[in-house]
Amino acid sequence: QVQLVESGGGLVQPGESLRLSCTVSGTIFSIYVMGWYRQAPGKQRELVAQLTTTGSTNYADSVKGRFTISRDNAKNTVNLQMNNLKPTDTAAYYCKVVAEERLSLRLSDYWGQGTQVTVSS
């Protein structure tokens, strides 16, 4: 089994920062892509940022220059540093990895349970 555990969400005021972390554990053989998605009430889930094993990054236009995704390979952790937060960033944030499971060698998407970020004055 593969588990993703997220942490770091919370309630902050506009302009403040938060750092989300997601740790992957279980029967993982290789991780190819790590990323963060978010879903606001009544909206579709959208990509926030992702990072490949080659170091390539992709950010949503709405977060460019404010959010930074990083990865700690030794800890199988992906982080999302969120600066200058805005009320429009309020959403549930989900970690996702594209990984090869060790027992089946199957390449699949794995999701975390989500962590809430609320930006409000």
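**Pocket**

I started with the largest pocket, and I found Arg38, Gln39, Ala40, Lys43, Gln44, Glu46, Thr88, Thr90 and Ala91 lining it. For my own notes: on a 1 Å grid over the protein atoms alone, a pocket is an open set of points where a 1.4 Å probe fits, with protein on both sides within 12 Å along at least five of seven lines, and lining residues have an atom within 4 Å of a point. The space in this pocket comes to about 160 Å³, a volume being what is filled by probe spheres set on the points. I sorted the lining into two nonpolar, four polar and three charged residues; Asp, Glu, Lys and Arg count as charged, Ala, Val, Leu, Ile, Met, Phe, Trp, Tyr, Cys and Pro as nonpolar, and the others as polar.

**Ground rules**

I keep in mind that this is a predicted model, where local features need pLDDT of at least 70, side-chain atom pairs count only at pLDDT 80 or more, and totals for chains, interfaces and linings use all residues. Numbering runs from 1 along each chain as its sequence is written, and side-chain values use heavy atoms, with hydrogens and water left out.

Strands here are DSSP runs of at least two E residues, numbered from the N terminus.

I then followed Tyr93. Beyond its neighbours within four places in sequence, its contacts include Trp36, Leu80 and Met82, plus Gly114 and Val117; contact means heavy atoms within 4.5 Å.

**Asn79**

Asn79 sits in strand E8. I noted it as buried because its relative accessibility is 9%, and buried means under 20% relative accessible area with a 1.4 Å probe, protein chains only. Its side chain makes a polar contact of 2.7 Å with that of Ser21. Such a contact is a pair of N or O atoms within 3.5 Å, one able to donate a hydrogen and the other to accept it, and residues adjacent in sequence count only if both atoms are side-chain atoms. Asn79 also touches Trp36, Thr68 and Ile69, among others.

**Thr27**

Last, I checked Thr27, in the loop between E3 and E4. It is buried too, at 13%.

Notes. Helix = DSSP H or I, 4+ residues; strand = E, 2+ residues; numbered from the N terminus. Buried < 20%, exposed > 50% of the residue type's maximum accessible area, 1.4 Å probe, protein only.
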